[in-house]
Amino acid sequence: MAEKKYIVGVTACMIGIAHTFMAAESLTKAIEQAGCEAKIETQGATGMENVITDEDLARADAAIIAADVAIKNPERFDPIPTLSCKTKEVMTVETAASVVEEVLEAIS
């Protein structure tokens, strides 16, 4: 059996409260429903949470950046196939699933 794909991501919205966390939750669920492992960092009003480590980056097969503002340290994703979108594109599990599908197609 093939090893599960590991997808990391960042969510960040203008205000850094509701949409940041709603997007992170939907994206996590969609990635897991696709049979992959997920780690989603939030960059919200309370700062960076669930921070993606160097170890996470070394393991990552792909990254999804769902942000309406510039994220902190975007260069750390340079070596990883990365899809960028707005938070509204991953606000529900259904819409996040199509983004995840797009990423998985790109790396398969």
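**Strands, salt bridges and surface patches**

In strand β4, the bridge partner of V10 is I65. The model is a predicted one, in which local features need pLDDT of at least 70 and side-chain atom pairs count only at pLDDT 80 or more, while totals for chains, interfaces and linings use all residues. Residues are numbered from 1 along each chain as its sequence is written, and side-chain values use heavy atoms, with hydrogens and water left out.

Strands and helices are taken here as DSSP runs, E of at least two residues for strands and H or I of at least four for helices, numbered from the N terminus. Two strands are said to pair if DSSP finds at least two bridges between them. Strands β1 and β4 pair in the parallel sense over six bridges. On β2, β1 has a parallel partner as well, joined to it by six bridges; here G9 stands opposite I40. Strand β4 in turn pairs with β5 (residues 82-85), again in the parallel sense, over four bridges, and A66 stands opposite C85 in that pairing.

How well covered are these strands? A residue is called buried under 20% relative accessible area, exposed over 50%, and partly exposed in between, with a 1.4 Å probe and protein chains only. In β4 (residues 62-67), six of the six residues are buried. A62, I64 and A66 point one way from the strand, A63, I65 and A67 point the other way, and all are buried. Strand β2 (residues 37-44) is also mostly covered, with six of its eight residues buried.

Salt bridges form the next topic. The term denotes a side-chain nitrogen of Lys or Arg within 4 Å of a carboxyl oxygen of Asp or Glu, and by this rule the count comes to four. One of them joins R76 and E41, whose closest N and O atoms are 2.6 Å apart. This pair links distant parts of the chain, since R76 is in the loop between β4 and β5 and E41 is in strand β2, 35 residues apart. R76 counts as buried at 15% relative accessibility, and E41 counts as buried at 0%.

Another salt bridge joins D56 and K39, with the closest N and O atoms 2.7 Å apart. It also links distant parts of the chain: D56 is in helix α2 (residues 54-59) and K39 in strand β2, 17 residues apart. D56 is buried at 7%, and K39 is buried at 16%.

Because K29 and E25 are four residues apart in helix α1, they are separated by about one helical turn. K29 is partly exposed at 40% relative accessibility, as is E25 at 48%.

The surface carries patches, which are made of residues with over 30% relative accessible area and no salt bridge; like charges are joined within 9 Å, and nonpolar side chains (Val, Leu, Ile, Met, Phe, Trp, Tyr) within 5 Å. M14, I15, I17 and V69 make a nonpolar patch of about 420 Å², and I17 is found in the loop between β1 (6-12) and α1 (18-33). E89, E101, E102 and E105 gather in a patch of negative charge. Of these, E101 lies in helix α3 (residues 93-107) and counts as partly exposed at 48% relative accessibility.

Conventions: Areas by Shrake-Rupley, 256 points an atom, 1.4 Å probe, with all protein chains shown as cover. Lys, Arg positive; Asp, Glu negative; His and termini not counted. Charge placed at Lys NZ, Arg CZ, Asp CG, Glu CD.
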